[in-house]
Amino acid sequence: MEEFLESLRNDHSDFDKGSLEDQVKKVNPIVLFKRWLNEAVENKCEEPNAMAISTVDMNGMPSSRYVYLKEMDDNGLVFYTNYDSHKGHDLTKNPHISVLFFWREMSRQIRVQGIVEKVPTELSDEYFNSRPRESQIGAWASQQSEIILDRKTLEDKVIQLTKEFEGKEVPRPEYWGGYYIKPIYFEFWQGRESRLHDRICFEKKHIEDIQWNVYRRNP
């Protein structure tokens, strides 16, 4: 085995940043999520709003990638993307999604599972208008996930669009916008010593349900 792989295999560092007590079962998971996210920000965790999202295509093949959490309200978590991207096509066929946050500095992670739906156009417009102009043009230039000949093809498209939109506001493309992730499952994970981690879960069968079934899982 190569030396660096062996060093990874033999890494048995422990987690000792905290515990997750049963009293959190009384807290609404949305409230607890916001609390943990705020603590990740306060503890200067790197990219605290980065989340790995997993979708499944019509053949049952899962696909994962990182995106950023950009909004959160009573409807759920929001991220923005190209609706014609790989993940967009997956979500059109299968709106179920899995989300993972990991904050190494705090030995914490949160799993979320839910159903997606597009946010209202007004919310997508508002966020798009807040983006740097270069990112707005990039949304027009990139046909996300499509095969491209080379890097120069993309860069030439950016130059073309920069000239086209010169002196004008850049409108939001119709194929670009946000998704709500409406949660039906939260799992709060706190790393503990000897791999005896804390895992407290909140689950409901339907999005419309008000009550959460709360339980602890084995590590």
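**Strand β6, R108.** I looked up R108 and found it in strand β6, residues 108-118. Strands here are DSSP runs of E, at least two residues, and helices are runs of H or I, at least four residues, both numbered from the N terminus. The model is predicted: local features need pLDDT of at least 70, side-chain atom pairs count only at pLDDT 80 or more, and totals for chains, interfaces and linings use all residues. Residues are numbered from 1 along each chain as its sequence is written, and side-chain values use heavy atoms, with hydrogens and water left out.

Is R108 buried or exposed? I read 13% relative accessibility, so R108 counts as buried. My cut-offs are under 20% relative accessible area for buried, over 50% for exposed and partly exposed in between, with a 1.4 Å probe and protein chains only. I then listed its contacts (heavy atoms within 4.5 Å). Leaving aside neighbours within four places in sequence, R108 touches W36, E39, F101, F102, W103, W189 and Q190.

**Helix α4.** I checked which residues of α4 (121-130) are buried: L123, S124, Y127 and F128. Seen down the helix axis, these fall within an arc of 130°, so they line one face of α4. The arc is taken from the directions from the helix axis to the C-beta atoms. E122, E126, N129 and S130 are exposed on the other side. I looked for what covers the buried residues and noted, among others, β3 (71-73), β4 (76-82), α5 (133-141) and β7 (176-190).

**Helix α3, K93.** I placed K93 in helix α3, residues 86-93. K93 has 60% relative accessibility, so it counts as exposed. I also checked M58, 35 residues from K93 along the chain: their C-alpha atoms are separated by 6.5 Å.
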